Amino acid sequence: MRKERHTLAAGDLFLGYPNEIIKYGADFKDPWYYCWIGFSGMDIPHVLKMTEFSHKNHTMHIDSPKIPEAIIKIYENYEANFASYLEMLSAFNHFLSLLVEASHSNYPPPHQKHKGKRSIYLEKAISFMETDSSVGCTIDDVAQYVGISTCQLYRIFMEEYSVSPSKYQAQLRIQKACNLLLDNPTMPISVIAYSVGYNDPLYFSKVFHKLIGKSPTEYRKGDIAGQ
């Protein structure tokens, strides 16, 4: 299992993505206080792409009292009445806006300003497919999220990648499955199949073998034997 270690200080934020195993603790000699927020949503991946966070960069430093103030307001309005729930959403959106503002990435680079609609649709579709929000979603769901028809989505993918959106989605899911197989050697194949969007483990194994050339079990055993 691949491991990373991060040392945090005051003002540091750490983002953990779904399906990641995270262990954390304060320093014994100089302990600190911490709090965490769990969140999800179809637009979250697009917001996070406008920040410094990524799968390769889990940390971000913001030396501003506005961040803890926003977090405290979220906690104060958690599991209260409906009015408080709306206040919590407002505080959370403010929290996200602070992340974007601090990252200086709320405006697209100059070369992206004049991108055509096709590129925007393509990026939005791929971004959605890459998130855990898309697990179990069909290509029709992806097209609906992007705001175009399934036929339009198919045409865009074929023109850009020469593969259908369904095959592109399958490739993404199988790649996620490969990572889970290697990072979690005791996780059942059926659980990994469900985790990447396949309700039928047998069908998952068939797709896996078609794309990788090995069964999930053979792929896992091969990695273990090579260590």
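Phenylalanine 14 is partly exposed, with a relative accessible area of 34%; partly exposed here means between the cut-offs for buried, under 20%, and exposed, over 50%, with a 1.4 Å probe and protein chains only. Phenylalanine 14 sits in strand β1. Strands are DSSP runs of E with at least two residues, helices are runs of H or I with at least four, and both are numbered from the N terminus.

Before I go on, the basis. This is a predicted model, in which local features need pLDDT of at least 70 and side-chain atom pairs count only at pLDDT 80 or more, while totals for chains, interfaces and linings use all residues. Residues are numbered from 1 along each chain as its sequence is written, and side-chain values use heavy atoms, with hydrogens and water left out.

Areas are from the Shrake-Rupley method with a 1.4 Å probe, and for residues only the protein chains shown count as cover.

Next, helix α2, residues 66-76. Ile67, Ala70, Ile71 and Ile74 are its buried residues. Down the axis of α2 they fall within an arc of 100°, so they line one face of the helix; the arc is taken from the directions from the helix axis to the C-beta atoms. Glu69 and Glu76, on the other side of α2, are exposed. The buried residues of α2 pack against β1 (12-14) and α3 (82-103), with contact meaning heavy atoms within 4.5 Å.

Helix α5, residues 139-146, buries Ile139, Val142, Ala143, Tyr145 and Val146. These cover an arc of only 160° around the axis, which puts them on the same side of α5. Their packing partners are α1 (44-48), α4 (117-129), α6 (150-161) and α7 (165-183). Just after α5, glycine 147 has a positive phi of about 100°.

Finally, the whole chain. There are 10 helices and two strands, in the order β-α-β-α-α-α-α-α-α-α-α-α along the sequence. Of the 227 residues, 31% count as buried. Among contacts with a separation of 6 or more, 67% come from residues 24 or more positions apart. The chain exposes about 15,300 Å², and carbon and sulfur atoms supply 55% of that.
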